[in-house]
Amino acid sequence: MDWISGLQRAIDYVEEHLADEIDYEEAAKRAYSSSFHFQRVFSMICGYTLGDYIRYRRLSLAGSELAAENAKVIDVALKYGYDSPESFSRAFSRFHGVSPSAAKNGCNIKSFSALSVKLTLCGGNTMDYRIEKREAFKIVCRKQQVNKPQGDTAAADISAFWGKCSSDGTMSVLPKYASFENFHGVLGICFSGEMADSGFPYGIGAEYNGAPVTDEGFELVEIPAHTYAVFTCKGKMPEAFKETYKRICTEFFPQSSEYQYGNGIELEVYPSADVQNPDYTCEIWIAVEKKNR
C-alpha cells in the first residue's frame, strides 16, 4: 500500500503545481522512489511519460480557461510555462486540433483528466527472482550518456550503443579484461544514480580481471556493495526485456513487503549475442534496499 499511496501523492503534487515549475525529484520522493525509477515506472504503467502527462494536463486546463473565461492567450501561455504565445499556440493546436483563438470562439477542445490511483484485484502470477548480496567489485566498460527514460527513447539510445560496440571492435577486445566467474556474460550497466537533466550514463562491459587496460575507450568503475534483486528474462530481445521490466515495476515492487528500489545501479547480464532466439535467457540485477518500517 505504501507504493500505491506514494504514487497518488506524487500525482497530487504534480496537480497542485501545474501552474508552477514542477520538481521531478520532489514528485519522486512522494512515491518513495528516485527520479530515474519514478519516471521509468510512470511511463510503463501509464503508456506516456511524466513530461507528457504534465503537458497534456496543462494544455487541457489552458483550453478550459480560454473557452470559459475572458482570458488573454498570452496570460494563459505564461501561466502554464510557455515562453511565448507562438510556442503555446503550436503546442495547443497539436493537442486540441484548433488554435487558442478558435477555442475562445467556441470550437470543440479536448479534455485530459487527472490521474487517480485505484486499488484493483490483480496478480496471481508467479515471478522468479532471488536476492543476492555483492561486495564492491570493479568493472571495465565503455560508457555513453543516454537520454532520460521517456517511452522508448532511452531504449533506442542503448540499442544503438550496443550496435556501435558490436561493430567497432569493442566486443572483441573486452574479453582481454573480463572475468566471467561471477557474472556469466557481458554486462549492460545502467548508472541510474547518476541521473542528470541530460540523461544518465550507460555502460557495456564486464567484471574486471585485473589485466592492465591499454586500449582506448575503456574505463574502470568500482561498483559499491549492494543487495540485488535478480530476475530471469526469457525470450527474444528487446521485447522480452521490456515485458520483464514492466512486470518488475508493476508486480514485484508494488507487492514486495521487504524491498524497494535502491539508488545507484542496474545490471543486465547477457550470456551470448544470440538475442533474437525466442529461448534466449538473460538476467536483470536491480540494486534494492530494505523498506523502512
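Contact here means that heavy atoms lie within 4.5 Å of each other, and by that criterion Tyr202 touches, among residues beyond four places away in sequence, Arg142, Lys143, Gln144, Val146, Ile158, Phe161, Trp162, Gly188, Ile189, Cys190, Phe191 and Glu268. The model is predicted, so local features need pLDDT of at least 70 and side-chain atom pairs count only at pLDDT 80 or more, while totals for chains, interfaces and linings use all residues. Residues are numbered from 1 along each chain as its sequence is written, and side-chain values use heavy atoms, with hydrogens and water left out.

**Nonpolar cores**

- A nonpolar core is a set of buried Ala, Val, Leu, Ile, Met, Phe, Trp, Tyr and Cys residues joined through side-chain atoms within 4.5 Å, where buried means under 20% relative accessible area, exposed over 50% and partly exposed in between (1.4 Å probe, protein chains only).
- The largest such core holds 39 residues, of which Tyr202, Met237, Tyr261 and Ile286 touch the most other members.
- Helix α10 (residues 239–255) gives the most to this core, with seven residues; helices (H or I, at least four residues) and strands (E, at least two) are DSSP runs, numbered from the N terminus.

**Helix α3**

- Nine of the twelve residues of α3 are buried, namely Ser35, Phe36, His37, Phe38, Gln39, Arg40, Val41, Phe42 and Ser43.
- Just after α3, Gly47 takes a positive phi of about 90°.

**Glu65**

- Glu65 has its place in helix α4 (residues 50–68) and counts as buried because its relative accessibility is 13%.
- Leaving aside neighbours within four places in sequence, Glu65 is in contact with Ala71, Val76, Lys79 and Tyr80.

**Salt bridges**

- A salt bridge is a side-chain nitrogen of Lys or Arg within 4 Å of a carboxyl oxygen of Asp or Glu, and a search of the whole structure finds nine of them.
- The side chains of Asp168 and Arg142 form one of these bridges (2.7 Å, N to O).
- Asp168 lies in the loop between α8 (153–167) and α9 (170–173) and Arg142 in strand β2 (residues 137–146), so the pair ties together parts that are 26 residues apart in sequence.
- Arg142 counts as buried at 18% relative accessibility, whereas Asp168 is partly exposed, with a relative accessible area of 38%.
- Another bridge joins the side chains of Lys176 and Asp215 (2.9 Å, N to O).
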